Amino acid sequence: KKILLLMTFIAFISSKASAQDWGLSTNILDYASLGTINAEGSVGIARRFTVSVSVRVNPWTFHKGDASKQMQNRHQTYAAGFRYWPWHIYSGWWISGMAQYQEYNRGGIISQKTEEGDAFGLSLGVGYSLMIHENLNLDFGLSLWGGQKTYVSYACPSCGKILDKGSKWFFLPNELRVAIQYIF
């Protein structure tokens, strides 16, 4: 959490207040992930670098009370990082790196097994921003993240029978991105 706060502070104190340096986006594909609400703010700090902070929240539980149908992908995810743009910020190809923390509870989607816990780690991604208008981009990307998680696994979403618990390292897909981005 301290790293995320430090990166956010650096982003805002090093930013310029001129046009085309600020961006606000939302990932359309996250909404298809059982209604995950999300936003990302970014600021240009140099011709080829932006820094960003993002949040994703999913508070929904579906079919609550019916153990055989209950499913959830509840989480709150906070991330801060940077993008390197080989040509110019907010246009063309980019490479990203982020520090990320997630508190989660997911289960009942593929099987009745449910897992909850905390995960933190680093994310690497690539993508492309297509300029639709001088203030509007369509942002495509893919990222993977790895780190450590502390978890508890249950037999079903509501039974409470513990199958496993502990701490372990992970490497997973992080985000498939098709985002609408407004540039200020």
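Author: Let's start with a word you'll need: a cavity is a set of grid points where a 1.4 Å probe fits but cannot get out. Keep in mind that the model above is predicted.

Reader: How many cavities of 30 Å³ or more are there?

Author: The count is two. The second largest cavity holds about 30 Å³ of space.

Reader: Which residues line the second largest cavity?

Author: Go and find Glu40, Ser42, Thr50, Ser52, Arg83, Trp85, Tyr90 and Gln181. The strands β2 and β3 are the elements that give two or more residues to that lining. Sorted by class, you get two nonpolar, four polar and two charged residues.

Reader: And what volume does the largest cavity have?

Author: About 220 Å³. It has 25 lining residues, and Glu40, Ser54, Met98, Glu175 and Arg177 are the closest to its centre. Glu40 also turned up in the lining of the second largest cavity.

Reader: Which elements supply at least two residues each to the lining of the largest cavity?

Author: β1 (22–27), β2 (37–46), β3 (49–58), β5, β6, β8 and β9. As for the classes, this lining has seven nonpolar, 13 polar and five charged residues.

Reader: How is a pocket read, then?

Author: Unlike a cavity, a pocket is an open set of points. Here the largest pocket has a volume of about 770 Å³. Its lining takes in 28 residues, and those nearest the centre are Asn73, Gln102, Arg106, Leu172 and Pro173. Two or more lining residues come from each of α2 (28–31), β5 (71–84), β6 (92–107), β7 (114–133), β8 (136–154) and β9 (162–183).

Reader: Which element gives the largest share of that lining?

Author: That's β9, with six residues. The lining as a whole splits into ten nonpolar, eleven polar and seven charged residues.

Reader: How do I read whether a residue is buried or exposed? Take Cys156.

Author: Look at its relative accessible area: under 20% is buried, over 50% is exposed, and in between is partly exposed. Cys156 has 14%, so it is buried. Cys159 has 42%, so that one is partly exposed. Across the 184 residues of the chain, 41% are buried.

Reader: Which residues is Lys113 in contact with, leaving aside neighbours within four places in sequence?

Author: Arg106, Gly107, Gly108, Ser153, Tyr154, Ala155 and Leu163. Take Leu163: along the chain, Lys113 and Leu163 are 50 residues apart, yet their C-alpha atoms are separated by 8.8 Å.

Reader: What share of the chain's contacts with a separation of 6 or more is between residues 24 or more positions apart?

Author: That share is 59%.

Reader: Last one: what is the accessible surface of the chain?

Author: It comes to about 10,300 Å², with 68% of that belonging to carbon and sulfur atoms.

Conventions: Residues are numbered from 1 along each chain as its sequence is written. This is a predicted model: local features need pLDDT of at least 70, side-chain atom pairs count only at pLDDT 80 or more; totals for chains, interfaces and linings use all residues. Side-chain values use heavy atoms; hydrogens and water are left out. On a 1 Å grid over the protein atoms alone, a cavity is a set of points where a 1.4 Å probe fits but cannot get out, and a pocket is an open set with protein on both sides within 12 Å along at least five of seven lines; lining residues have an atom within 4 Å of a point. Grid points are joined across faces, edges and corners, and a volume is the space filled by probe spheres set on the points. Helices (H or I, at least four residues) and strands (E, at least two) are DSSP runs, numbered from the N terminus. Ala, Val, Leu, Ile, Met, Phe, Trp, Tyr, Cys and Pro count as nonpolar, Asp, Glu, Lys and Arg as charged, and the others, Gly among them, as polar. Contact means heavy atoms within 4.5 Å. Buried means under 20% relative accessible area, exposed over 50%, partly exposed in between (1.4 Å probe, protein chains only). Accessible areas come from the Shrake-Rupley method with a 1.4 Å probe; for residues, only the protein chains shown count as cover.
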